[in-house]
Amino acid sequence: MTTVPLRALIFDVDGTLADTESAHRSAFNHAFAEEGLDWHWDEPLYTRLLEVSGGKERITRYWGQVHGGVKAIHAGALADTVQRIHDLKTAAYERMVQDGAVQLRPGVLHLIESACNEGLRLAIATTTSPVNIAALLRSAIGPDWKYTFQFVEDASTAPCKKPHPQVYLQMLQRLHLHAAECLAFEDSANGLKAASGAGLRTIVTPNEFTAHHDFAGALRVLPSLQGTTVAELRGWHAAASR
Ligand code: XBP
Ligand code: MG
């Protein structure tokens with residue numbers, strides 16, 4: 001019986017390629033202070049807020065929780081203020097990444113280099129902003145990172161945030177591949193739901209913010225990609241394809 005060949009690896013960014021959420025949390029708090037707000041997201045609160053994908057959506061959800069009167073504010077004014085806060089946050093995060101605050105997770109660079117060398121196509125499907133992706137990958141891989149990842153789908157191209165599968169469905173269309181020809185890599189329950197919703201078999205590498213999430217349906221749940229080889233990926237993919 002012939003199995004469907006593995007042709008592409010589709011990676012989430014935050015929490016998967018790199019442990020970025022501590023830096024995101026600090027950047028949010030920096031933005032709140034710059035905006036003159038007395039908001040502070042500590043780790044337990046941010047862990048809960050991460051159940052909302054998308055920085056702007058996260059700010060809006062928190063604002064509604066803290067100041068129930070959000071609906072009393074003109075929707076346009078709310079959106080403008082959220083956008084301003086998020087722009088401050090993104091600028092702070094970009095500076096932090098440029099200053100070396102974030103590294104790729106163990107095994108990630110070796111796996112993507114091996115996959116490239118073995119002719120697998122690589123892509124990114126993330127909820128984060130394009131600026132954040134460029135800052136991280138320029139710092140971690142170098143200015144030519146765009147030659148490593150053939151396509152990127154992100155918050156600017158897929159407005160329906162994970163767990164909605166839009167970002168993965170759009171990526172499969174751009175790759176002109178069936179879900180069965182790919183593997184997805186995620187760190188969170190929302191990410192797993194989004195990838196699975198697009199029919200993708202998914203390898204999950206949890207982190208401190210997502211270790212408690214439900215990863216039922218994942219192809220594998222690994223502590224990290226340290227030591228994971230392309231041969232192992234092909235074996236897991238083939239076994240799941242039978
Ligand atoms: C994770 C997210 C993002 C980041 C913050 O994205 O949900 O919102 O937490 O980045 P993923 P932004 O795991 O899909 O990479 O503030 O730019 O949204
Ligand atoms: Mg993630």
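Tutor: The crossing of α1 and α4 is right-handed. In this predicted model, helix α1 covers residues 21-34 and helix α4 covers residues 75-98. Their axes are 8 Å apart and meet at an angle of about 130 degrees. An angle counts as roughly perpendicular from 65 to 115 degrees and as roughly antiparallel over 145, and α1 and α4 are therefore oblique to each other. On the α1 side, the contact is made by A23, H24, S26, A27, F28, H30, A31, F32 and E34. On the α4 side, the residues are I85, H86, L88, K89, A92, Y93, R95 and M96. Sorted by kind, the residues of this contact are 10 nonpolar, 4 polar and 3 charged.

The model has 12 aromatic pairs. In one of them, the ring centres of F28 and W41 are 4.8 Å apart and the planes stand at 40 degrees, so the pair is tilted. F28 belongs to helix α1, while W41 sits in the loop between α1 and α2 (43-49), so the pair ties together parts that are 13 residues apart in sequence.

Now stay with α4 and turn to helix α3, residues 55-66. The axes of α3 and α4 are 9 Å apart, at an angle of about 125 degrees. α3 and α4 are therefore oblique to each other, and their crossing is right-handed. From α3, the residues G55, K56, I59, T60 and W63 meet L78, T81, V82, Q83, I85 and H86 of α4. This contact divides into 5 nonpolar, 5 polar and 1 charged.

The next partner of α4 is helix α6, residues 130-140. Here the angle is about 5 degrees and the axes are 9 Å apart. Angles under 35 degrees count as roughly parallel, and that makes α4 roughly parallel to α6. K89, T90, Y93, E94, V97 and Q98 of α4 meet V131, N132, A135, L136, R138 and S139 of α6. The residues of this contact are 5 nonpolar, 4 polar and 3 charged.

The model has an open sheet of 6 strands in the order β3-β2-β1-β4-β5-β6, with parallel pairing. Its edge strands are β3 (151-153) and β6 (220-221), each of which pairs on one side only. Strand β1 (residues 8-11) runs parallel to strand β2 (residues 121-125), and 4 bridges join the two. Within this pairing, I10 has A123 of β2 as its bridge partner. Helix α9 (residues 230-241) lies across β1, β4 (182-186), β5 (201-204) and β6, and runs at about 140 degrees to β5.

Terms used:
Residues are numbered from 1 along each chain as its sequence is written. Chains are lettered from A and ligands numbered from 1 in the order in which they are written. This is a predicted model: local features need pLDDT of at least 70, side-chain atom pairs count only at pLDDT 80 or more; totals for chains, interfaces and linings use all residues. Side-chain values use heavy atoms; hydrogens and water are left out. Two strands pair if DSSP finds at least two bridges between them. Contact means heavy atoms within 4.5 Å. Axes are lines fitted to C-alpha atoms, for helices over the stretch in contact, and angles run from 0 to 180 degrees between N-to-C directions. A crossing is left-handed if the near helix is turned anticlockwise from the far one by less than a right angle, and right-handed if clockwise. Ala, Val, Leu, Ile, Met, Phe, Trp, Tyr, Cys and Pro count as nonpolar, Asp, Glu, Lys and Arg as charged, and the others, Gly among them, as polar. Rings of Phe, Tyr and Trp (its six-membered ring) pair if their centres lie within 6.5 Å; planes under 30 degrees apart count as stacked, over 60 as edge-to-face and the rest as tilted.
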